[in-house]
Amino acid sequence: MTETDLREQICLLAKSLFDRGLTHGSTGNISARTEDGGLLVSPTGTSFGRLDPARLSRFDSAGVLTSGDKPTKEMPLHTAFYDTRSSAGAVVHLHSCHSVAWSMMPNANADNFLPPLTPYAIMKLGKVKLLPFFLPGDPAMGDAVRGLAGKRSAVMLANHGPVVAGKDIEAACNAIEELEETARLAMLLGGTGAKALTETQVRAVVTQFDVEWDA
Ligand SMILES: [Zn+2]
């Protein structure tokens with residue numbers, strides 16, 4: 001994909017997420033690897049609904065900002081995924097309502113944030129790690145992701161929002177949508193006694209689709 005196309009795809013997918021209420025105001029940030037090993041990143045203070053392809057922050061392969069506006073202050077979250085997961089081609093972070101709500105539940109599972117409700121969430125996300133609350137922009141968020149040593153593609157920042165890495169921008173967006181939809185189901189079903197997948201069913205999905213699950 002040419003850089004021009006990648007820039008347009010980033011803005012198109014961000015707008016789609018914004019238009020469907022998956023992040024709001026000037027929240028959320030998104031980045032993708034360029035073919036030359038650099039990065040394109042959404043600028044700080046921008047809205048997902050109105051990203052300008054020409055003004056994305058552009059980093060070279062040495063991590064130096066070479067053009068565009070100042071990047072998101074949550075940059076350490078993005079670089080932590082790229083540095084620890086060689087397969088990461090894109091990273092998306094949202095302030096999405098239901099996953100944030102689920103992170104506040106008193107019995108939230110820190111090692112496996114989402115209940116096993118549907119096979120797609122398992123296939124696209126593996127186990128989602130719930131990280132504690134950090135002040136916005138705190139570089140310790142990046143340190144927490146680095147502490148996972150590349151074993152997780154998705155994390156949930158408590159009282160804040162999810163961060164998901166994918167092989168490309170489309171995969172990362174699809175996966176974070178799955179995270180939010182699963183959290184929405186979990187909130188809808190909470191306390192109803194709804195039947196989640198059994199251990200055996202989860203294991204069958206993990207085996208069949210070669211999911212990173214036991215790290
Ligand atoms: Zn955020």
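Let me begin with a term: a residue is buried if its relative accessible area is under 20%, exposed if over 50%, and partly exposed in between, using a 1.4 Å probe and protein chains only. Helices (H or I, at least four residues) and strands (E, at least two) are DSSP runs, numbered from the N terminus.

Two housekeeping notes, everyone. This is a predicted model, where local features need pLDDT of at least 70 and side-chain atom pairs count only at pLDDT 80 or more, while totals for chains, interfaces and linings use all residues. Residues are numbered from 1 along each chain as its sequence is written, and side-chain values use heavy atoms, with hydrogens and water left out.

Let's start with strand 1. Four of its five residues are buried, so strand 1 is largely enclosed by the rest of the structure. Which strands pair with it? Pairing here requires that DSSP finds at least two bridges between two strands. Strand 5 runs antiparallel to strand 1, and four bridges join them. Strand 2, residues 39-41, also pairs with strand 1 in the antiparallel sense, over three bridges. Have a look at Ala32: its bridge partner in strand 5 is Ala90, and its bridge partner in strand 2 is Leu40. The hairpin of strand 1 and strand 2 has five residues between the strands, and there Gly37 takes a positive phi near 85°.

Is Arg7 buried or exposed? Arg7 is buried, with a relative accessible area of 14%. If we take contact as heavy atoms within 4.5 Å, and skip residues up to four places away in sequence, Arg7 touches Leu40, Pro53, Ala54, Leu56, Arg58 and Ser67.

Now the nonpolar cores. By that I mean sets of buried Ala, Val, Leu, Ile, Met, Phe, Trp, Tyr and Cys residues joined through side-chain atoms within 4.5 Å. The largest has 37 residues, and the members touching the most others are Ile10, Ile30, Val92, Phe113, Leu125, Val128 and Leu179. Two or more residues each come from helix 1 (3-19), strand 1 (29-33), strand 5 (90-93), helix 3 (97-103), helix 4 (119-125), strand 7 (154-157) and helix 6 (169-189). Which element gives the largest share? That is helix 6, with eight residues. Apart from this core lies another, of 20 residues, including Ala88, Met141, Val145 and Val155.

Let's stay on helix 6. The expected span of a helix is 1.5 Å times one less than its number of residues. With 21 residues, helix 6 reaches 30 Å from its first C-alpha to its last, close to the expected 30 Å. Its buried residues include Ile169, Cys173, Ile176, Leu179 and Ala183. Beyond neighbours within four places in sequence, Leu179 is in contact with Ser99, Phe113, Leu114, Leu125, Val128, Ala154, Pro162 and Val164. After the helix comes Gly191, with a positive phi near 80°.

On to the metal. Donors are N, O and S atoms within 2.8 Å of the metal (3.2 Å for Na, K and Ca), and as water is not among the atoms, sites may look incomplete. Which protein atoms are donors of the zinc ion? They are Glu74 (OE), Glu74 (OE), His93 (NE2), His95 (NE2) and His160 (NE2), lying 2.1 to 2.7 Å from the ion. Along the sequence, the donor residues follow the spacing E-x18-H-x1-H-x64-H.

Asn159 has a positive phi of about 55° although it is not a glycine, and is partly exposed, at 44% relative accessible area.

In strand 8 we find Gly166, which counts as buried at 10% relative accessibility. Gly166 touches Ser87, Ala88, Gly89, Ala90, Ala171 and Ala172, not counting residues up to four places away in sequence. Gly166 and Leu125 are 41 residues apart in sequence, and their C-alpha atoms are 9.2 Å apart in space.

Last, the record. UniProt, in an unreviewed entry, places "domain: Class II aldolase/adducin N-terminal" at residues 8-187; its positions are given in the numbering used here, feature names are shortened, and annotations may be inferred rather than shown by experiment. In the model, that span is 34% helix and 17% strand, with its end C-alpha atoms 34 Å apart.
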